[in-house]
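Below are some short notes for a colleague going through this model. They take up a sheet, a helix and a single residue in turn.

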Amino acid sequence: MKLLVSKSIFIITLILATNHLHAHVALDYPLGGENFIVGQTALVQWHIAVPHETLNWDLYFSTDEGVNWTPLQLNMPVTQLTYEWEIPNNLTTQGRIRVFMNNVDQDYLDISMNFTIAPNTTPPFLDAPAEDITIECSINNQQAAIDAWLANHGGASATNFCDDLVWSHDYTGISNGCGASGSTQVIFTAADACGFTTTSATLSVVDTQSPEFSEFASNMVVECNGSGNFGALNAWLSNHGGARASDQCGIVQWSHDYTSLSDDCGASGNATVNFTATDNCGNLVVTAATFMVQDNISPVITEQAQDTIIECGIANQEAVITNWLNRAGGAQATDVCGNVSWTNNYTSLYLECGSSGVAEVTFRALDDCANNVTTSAIIRIEDTTSPVILQQAKDIIIDCGNGDQDSVIQNWLDNHAEAIVSDQCGTLTWSHDFSNISDSCVAPFSQLVIFTVADECFNTTILDATITFVDTIIPKPVGFLDSTYVWTQLIGSLEGSSRTHKYTFDKIPRIESGKTYYELLRADEELSQDWDGTGMYMRYDSNIVYVPSSMGEEVLYNFNLKVNDTILEYLTDVPLIVDSIDTVVLLNGEKRKRWKLRCENFPGSEYYTEWIEGIGDTDGLFSFNDGCQIDGEETTILCLSRNDTLLYDNPTLESCWYLRTSTTEIIDKDISIYPNPASESFTIDFRKSTSHPVQVLLLDVFGKILGNYRIPYDILEISVNTLPPGIYLIHVETEEGILTRRIVVE
């Protein structure tokens, strides 16, 4: 209370000493002389001229040159130095703004000079236009919906500035459409003392509702009278089959599509008639019923339907099912009044496991007049065949103590040791008996892992592979002595003949005289995974590749050589002089050093060989044939790949082998295999396929390879006249993946 009294006394003192009070806070806007319009928003601004320990701000407005003051906002925070002021409807030429600086000690203020507030004489402003409306003429209260739309000005809204806002419209009614439908354009006017504005929209009453049935047409069955039963038929048609319909927006017209009865048996027959109810706007509904003149004597079953069991996944399974259904399960029936036809209720099997299942099928024998009798039998699809191995599990070798060995093992397990197993009757579930190894191991150490793959019917197939741990981590140059790299090499002769081999390194090292070597392996087929030992061993140390010899060992490659250095070529002792060293970029962006070496066995000639780190001699891998030899057989490196990724492609050659190990299953309906079943031979036609064929395998159901065919053409014919009847597998490898199909040999 003392503070309030002090404040009051101090404010009076401030008014008496205005000039002094103004010195510490100053209004920036308004300053006086401004013209404001009612409804306008103005930003009042001030600033601190002399800082104090300020508590808050008070803002006031006067219409009589400061005689009387009205608060605009009190106790504003110290940080607030502006105020958005909506100009009130207080017309004056003596308007003023006052700001108080409320401090802990003495308060201060500033007052603007006079400004003007003038009235707003703008006509109404349209905030939102009227919107079209469509009303269904069949709603319960059509007029109420129209009235509500008119009362809401069609959804329009406006802001007025002069006196009250008054809305009006020119609606009188709608035009005549079909039935009770129609439309009109309505103009809405918003007016006040300063003017008016208009907006228009279309009111449409439409009939999109079809007539509604209160009763649907009913079938009528009469016993054949021998003369066509036309009296009952005509009465039924005239009565719309007993159907009743109404429409809220017009009159219902009836029609039907009857032409004649079918000639079923003698004078009997039937007709399904569509009765159509149409309103004045063309909306229609249809109800159907059947008029039938019938014979009530059913056929007689002479042979009941018989159960059948089919092995899941046979190539012609659907054909066998269809044939059994078409033969009515072997059932027989006769009818004294005409022919007998068969139907059945088969839709699908009740699945039991995988694609196997069972269904009880009811076969119905119908005579010409639809009299019927039934017989039932069971069809069963059984899965008793174990999954088929397409590719056996592969062993893996891991450096003992490798920090990443757990993830390597887990990845090998997750990929089922690269085994490929197929089952035609459902998904496969894999399991294995691998148990964790200890944190340390004594190499070499091997563990046999049993993989079990089961189909959904619990038929199982067993595979096994071995994890071998070796206690050596040998430093290697990029790619050298690495079993994940594959080199492809072309060997040719002056006579023009040539052959191509693949090379990689064995995963298991060989120790000689305390030194560790890896054997070079070779495969003679592009897609082969059968590697043969070459008897050539190598080791790597300090950027030098050594091979064992009778002298101990010799240098095959020295990746430490500098320009003008000389090295004797392995086997021939031909001097090689380093002419230059540069860098080559592999296809994956890796940079490798390249040495250009001049052969000194042909003085005066410009005969060179090249080394690329991690790739070797581009004139012949591993110097099986001398890099400086110019007659006899010549070798050329084609390419280098790692995990199916091409890293180096010899720029002097058009193509190279590319090792494919993809097991991606492709679905290519344009690869045709016919005939199936086959007795003498069958043909595989790739001419319409977008996936180029690479290799085709013919296997029995146990995965044994019976034929291996390379495909340089688009049509392959395979003879099967020596094979016993049964089911076989066609395994097609293409550029995009693999495709497996079944073929039946009769």
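1. Two strands count as paired if DSSP finds at least two bridges between them; strands (E, at least two residues) and helices (H or I, at least four) are DSSP runs, numbered from the N terminus. Strand β43 (residues 575-585) is joined to strand β44 (residues 591-599) by 9 bridges, and the two run antiparallel. Lysine 596 in β44 stands opposite serine 580.

2. The model is predicted: local features need pLDDT of at least 70, side-chain atom pairs count only at pLDDT 80 or more, and totals for chains, interfaces and linings use all residues. Residues are numbered from 1 along each chain as its sequence is written, and side-chain values use heavy atoms, with hydrogens and water left out.

3. An open sheet of 5 strands, with antiparallel pairing, has the order β42-β43-β44-β45-β46. At its edges stand β42 (566-568) and β46 (616-617); each has a single partner strand, so one side of each lacks a neighbour in the sheet.

4. Which residues of helix α5 (residues 317-326) are buried? They are Gln317, Ile321, Trp324 and Leu325, where buried means under 20% relative accessible area with a 1.4 Å probe, protein chains only. They lie on the same side of α5 because they cover an arc of only 100 degrees around the axis, taken from the directions from the helix axis to the C-beta atoms.

5. The buried residues of α5 pack against β23 (308-311), β25 (341-344), β27 (356-366) and β28 (372-382), contact being heavy atoms within 4.5 Å. Just after α5, alanine 328 has a positive phi of about 55 degrees.

6. Tyrosine 485 is in strand β35 (residues 485-492) and is buried, at 3% relative accessible area. Tyrosine 485 is 162 residues from leucine 647 in sequence and 9.6 Å from it in space, C-alpha to C-alpha.

Conventions: Buried < 20%, exposed > 50% of the residue type's maximum accessible area, 1.4 Å probe, protein only.
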